Amino acid sequence: MPVIRFVREGRDVECYPGENLREVALREGIELYGLKGRLGNCGGCGQCITCFVDVVGESSPGSLSGRTGVEEQKLRRRPQSWRLACQTLVQQSVLVLTKPQTGLADADKTIAQAKAQPLPAGPTAWPVDDNLVDEEQSETTTSDEEA
Ligand code: FES
């Protein structure tokens with residue numbers, strides 16, 4: 001599965017291919033929003049422009065879905081590496097800096113250290129639910145014994 005490396009937080013988080021970046025961050029307790037976004041955001045509709053992230057590295061080109069029309073319009077005066085998390089689907093592993101508008105002490109050094117550790121190429125195997133595997137094996141064993 002793809003890994004999202006949240007550089008500011010120093011965390012690697014796995015997600016399913018095609019998952020929404022904002023939803024993964026919120027699920028994992030990663031703070032995407034500055035004060036304005038915490039006080040009121042659009043809930044992922046692409047209207048408030050408060051869920052900025054800077055994509056500082058990718059395991060391969062095309063690791064994220066392409067910029068949406070909303071992003072092209074809303075981010076036209078921002079760096080090309082900036083995305084709206086709510087408009088972004090993760091296909092393969094990436095490095096992300098949350099709240100890029102907020103300073104980060106030793107940003108260059110911190111990002112370089114995060115890039116130095118390899119990212120899995122992804123997408124890799126889907127997770128296996130051990131309980132389902134056990135049930136399937138017992139069903140197969142039972143039907144074999146009946147035959
Ligand atoms: S949450 Fe409002 S633009 Fe992303």
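Mentor: One definition before we start. A residue is buried if 20 or more other C-beta atoms lie within 10 Å of its own, exposed if 12 or fewer, and partly exposed in between. Also keep in mind that this is a predicted model.

Trainee: OK. Which way do the side chains of strand 1 point, and are they buried or exposed?
Mentor: Val3 and Arg5 point one way from strand 1. Ile4 and Phe6 point the other way. All four are buried.

Trainee: Let me zoom out. How many helices and strands are there?
Mentor: Five helices and seven strands. Along the sequence the pattern is β-β-β-α-α-β-α-β-β-β-α-α.

Trainee: What share of the protein is buried?
Mentor: Buried residues are 28% of the 147 residues.

Trainee: Which strands make up the open sheet, and in what order?
Mentor: Five strands, in the order 2-1-7-4-5. The pairing is mixed. Strand 2 and strand 5 are the edges, each pairing on one side only. From one strand to the next, the twist averages 35°.

Trainee: Next, strand 7 and strand 4. How many bridges?
Mentor: Five, and the two strands run antiparallel. Val55 stands opposite Val96 there.

Trainee: Then strand 4 to strand 5. What joins them?
Mentor: Three bridges, again with an antiparallel run. Strand 5 is residues 82-84. Phe52 stands opposite Leu84, and the bridge partner of Val53 is Arg83.

Trainee: Change of topic. Which residues touch the most other members of the largest nonpolar core?
Mentor: Ile4, Cys51, Ala85, Val90 and Val96, out of 25 residues in that core.

Trainee: Which elements supply at least two residues of it?
Mentor: Strand 1, helix 1, strand 4 and strand 7. Strand 7 gives the most, with four residues.

Trainee: Pick Val90. What is in contact with Val90, beyond its neighbours within four places in sequence?
Mentor: Pro2, Ile4, Cys15, Glu19, Leu21, Val24 and Leu64.

Trainee: How much of the contact list in general comes from residues 24 or more positions apart?
Mentor: They account for 71% of the contacts with a separation of 6 or more.

Trainee: Now Arg8. Where is Arg8?
Mentor: In the loop between strand 1 and strand 2.

Trainee: Why does Arg8 count as buried?
Mentor: Because Arg8 has 20 C-beta neighbours inside 10 Å, and the cut-off for buried is 20 or more.

Trainee: What does Arg8 touch, leaving out residues up to four places away?
Mentor: Leu97, Thr98, Lys99 and Leu104. Arg8 and Val96 are 88 residues apart in sequence, but 8.2 Å apart in space, C-alpha to C-alpha.

Trainee: You mentioned Lys99. What is its phi?
Mentor: It is positive, about 45°, although Lys99 is not a glycine. Lys99 is in the loop between strand 7 and helix 4. Lys99 counts as partly exposed because it has 18 C-beta neighbours inside 10 Å.

Trainee: And Asp106, where does that lie?
Mentor: Asp106 lies in the loop between strand 7 and helix 4. Its phi is positive too, near 55°. With 9 C-beta neighbours inside 10 Å, Asp106 counts as exposed.

Conventions:
Residues numbered from 1 in each chain as written. Predicted model: local features only at pLDDT ≥ 70, side-chain atom pairs only at ≥ 80, totals over all residues. Core = buried A, V, L, I, M, F, W, Y, C linked by C-beta atoms within 7 Å. Contact = placed C-beta atoms within 7 Å. Pairing = 2+ DSSP bridges. Axes fitted to C-alpha atoms, helices over the stretch in contact; angles between N-to-C directions.
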